[in-house]
Amino acid sequence: MEKLANPQYPIHQLLQQRWSPLAFAEKQIEAETLYSLLEAARWSASSYNEQPWYFIVATQENPEEFSKLLSCLVEPNQVWAKNVPVLMISVAKLNFEKNGQPNRHAFYDLGGAVCSLVIQATSLGLFVHQMAGFDASKAQDLYSIPEGYEAVSAIAIGYPGDPQTLPEQYQQREFAPRQRKPQQEFVFTNTWGKN
């Protein structure tokens with residue numbers, strides 16, 4: 001299934017193709033392909049080259065580890081995410097390595113790393129669904145994430161699947177048209193709220 005963006009201005013084809021499906025095929029992702037996604041994240045830009053991103057990865061090939069990570073998702077996300085081949089939790093290091101001071105750009109840099117991962121995935125025919133709907137505290141405990149690091153998002157990665165396999169309320173969401181605010185609502189000049 002394809003849901004191309006309908007941009008106001010031309011954008012790269014990979015950006016146009018990227019979207020967050022709920023239906024994933026049960027096809028496994030080869031280790032080399034997964035390493036390629038993480039390599040794209042690795043080469044992202046970051047404040048002071050701090051690279052404050054970390055990823056906890058679980059695949060269907062290890063059912064015990066996969067169930068552990070799946071259990072961190074909120075129940076509505078577990079309904080569809082139980083079928084994806086790869087789940088991740090992204091983690092940000094909150095302080096600078098060089099001086100221990102708070103890194104207020106850590107989340108921004110982690111987001112950039114995930115964006116690179118997403119575009120790499122799209123270029124390889126994979127889809128990524130990022131989720132705020134997970135229990136960060138549970139993830140912190142289950143994975144012994146140390147103090148000074150924060151679980152930020154859950155991530156599902158896989159090949160596109162058949163939306164007809166989803167429960168009906170999820171099918172409606174899957175087939176709903178993609179929408180975005182027009183630029184005039186978020187791009188300002190001179191002063192806030194002025195185009």
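Two strands are taken as paired if DSSP finds at least two bridges between them, and helices (H or I, at least four residues) and strands (E, at least two) are DSSP runs, numbered from the N terminus. The structure is a predicted model, in which local features need pLDDT of at least 70 and side-chain atom pairs count only at pLDDT 80 or more, while totals for chains, interfaces and linings use all residues. Residues are numbered from 1 along each chain as its sequence is written, and side-chain values use heavy atoms, with hydrogens and water left out.

In the sheet, Val128 stands opposite Ile157 in β4. This pair belongs to strands β3 (residues 127-131) and β4, which run antiparallel and are joined by five bridges. Strand β2 (residues 86-93) is also antiparallel to β4, with eight bridges between them. The open sheet consists of four strands in the order β1-β2-β4-β3, with antiparallel pairing. Its edge strands are β1 (53-59) and β3, each of which pairs on one side only. Neighbouring strands of this sheet are turned by 25 degrees against each other on average, direction ignored; axes are lines fitted to C-alpha atoms, for helices over the stretch in contact, and angles run from 0 to 180 degrees between N-to-C directions.

Helix α5 (residues 106-123) lies across β1, β2, β3 and β4 and runs at about 150 degrees to β2. The end C-alpha atoms of α5 are 26 Å apart, which agrees with the 26 Å that its 18 residues should span at 1.5 Å a residue; the expected span is 1.5 Å times one less than the number of residues. Buried residues of α5 include Ala106, Leu110, Ala113, Leu117 and Ala121. The buried residues of α5 are covered by elements including α1 (13-17), α2, β1, β2, β3 and β4, contact being heavy atoms within 4.5 Å. Just after α5, Gly125 takes a positive phi of about 80 degrees.

In helix α2, Thr33, Leu34, Leu37, Ala40 and Ala41 are the buried residues. They lie on the same side of α2, because they cover an arc of only 115 degrees around the axis, the arc being that of the directions from the helix axis to the C-beta atoms. The exposed residues Glu32 and Tyr35 are carried on the face of α2 turned away from its buried side. The buried residues of α2 pack against β1, β2, α5 and β4.

A nonpolar core is a set of buried Ala, Val, Leu, Ile, Met, Phe, Trp, Tyr and Cys residues joined through side-chain atoms within 4.5 Å. The largest has 28 residues, of which Leu73, Trp80, Leu87 and Ile89 touch the most other members. Two or more residues of this core come from each of β1, α3 (63-70), α4 (75-81), β2, β3 and β4. Not counting residues up to four places away in sequence, Leu73 touches Gln78, Ala81, Leu87, Met131, Gly133, Phe134 and Ala154. A second, separate core of 20 residues includes Ile29, Ala92, Ala113 and Leu117.

Key
Buried means under 20% relative accessible area, exposed over 50%, partly exposed in between (1.4 Å probe, protein chains only).
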